[in-house]
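Dear colleague,

I am passing on a structure that I would like you to look over when you have time. The sequence and coordinates come first, and my notes on what was found follow below.

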Amino acid sequence: MPITTLNVSQVLGKTLKATTDVDYFYPIGTKKGTFKKGDIIGVIFSYAYGGTPDLYWQINRSGNTIFVKHDVNKLELVGGQQILEDIKRQQDKIKIEEKGILRYYLDKYLPFIVGAVVIYFALPTIKNVIKNEKK
């Protein structure tokens with residue numbers, strides 16, 4: 001499955017969860033603590049770079065701002081699968097608008113239909129060949 005790139009507007013307001021131990025900072029560069037695997041980090045309300053090339057998610061926890069360095073191997077969006085499904089539906093909708101509904105579904109399902117027809121006609125021949133070889 002191809003990797004889908006999300007933009008910031010799709011993650012703002014979403015909940016971030018630690019999939020491994022994750023350090024958090026305030027300000028960026030000053031470690032304040034660590035979230036353990038499985039901990040809910042909080043709701044993303046912004047992002048920052050803080051003079052570094054790295055992206056940090058800004059999270060408000062009980063009135064305190066913290067930053068968590070973006071790392072796809074350590075962080076997970078709660079409901080992230082739903083976001084990806086929404087993106088897929090939107091992409092399909094755009095393709096239907098571009099191609100037209102008939103062309104879209106023909107492109108999508110015609111190879112399966114052709115394959116089924118070939119199997120339907122080839123199967124009796126294959127059965128006969130196998131049957132004749134046994135004689």
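Please keep in mind that this is a predicted model. To begin at one end of the sheet, strand 1 and strand 7 pair in the antiparallel sense over 3 bridges, and within that pairing L16 stands opposite L77 in strand 7. The two strands belong to an open sheet of 7 strands, which has the order 3-2-6-5-4-1-7 with antiparallel pairing. Strand 3 (31–35) and strand 7 stand at the edges with a single partner strand each, so one side of each has no neighbour in the sheet. From one strand to the next, the twist averages 45°.

The largest nonpolar core holds 16 residues, of which L16, I41, W57, V68 and L75 touch the most other members. Two or more residues are given to this core by each of several elements, including strand 1 (15–18), strand 4 (40–48) and helix 2 (80–99). Leaving aside residues up to four places away in sequence, L75 touches L16, I41, W57 and V68, among others. A second, separate core of 5 residues includes I28, A48, Y56 and F67.

As for the rings, the count comes to 7 aromatic pairs. Y26 and F67 form a stacked pair, 6.1 Å centre to centre with 5° between the planes, and this pair links parts of the chain 41 residues apart, with Y26 in the loop between strand 2 (22–25) and strand 3 and F67 in strand 6. F67 counts as buried, at 10% relative accessibility, whereas Y26, at 41%, counts as partly exposed.

With best regards

Note on methods: Residues are numbered from 1 along each chain as its sequence is written. This is a predicted model: local features need pLDDT of at least 70, side-chain atom pairs count only at pLDDT 80 or more; totals for chains, interfaces and linings use all residues. Side-chain values use heavy atoms; hydrogens and water are left out. A nonpolar core is a set of buried Ala, Val, Leu, Ile, Met, Phe, Trp, Tyr and Cys residues joined through side-chain atoms within 4.5 Å. Buried means under 20% relative accessible area, exposed over 50%, partly exposed in between (1.4 Å probe, protein chains only). Helices (H or I, at least four residues) and strands (E, at least two) are DSSP runs, numbered from the N terminus. Contact means heavy atoms within 4.5 Å. Two strands pair if DSSP finds at least two bridges between them. Axes are lines fitted to C-alpha atoms, for helices over the stretch in contact, and angles run from 0 to 180 degrees between N-to-C directions. Rings of Phe, Tyr and Trp (its six-membered ring) pair if their centres lie within 6.5 Å; planes under 30 degrees apart count as stacked, over 60 as edge-to-face and the rest as tilted.
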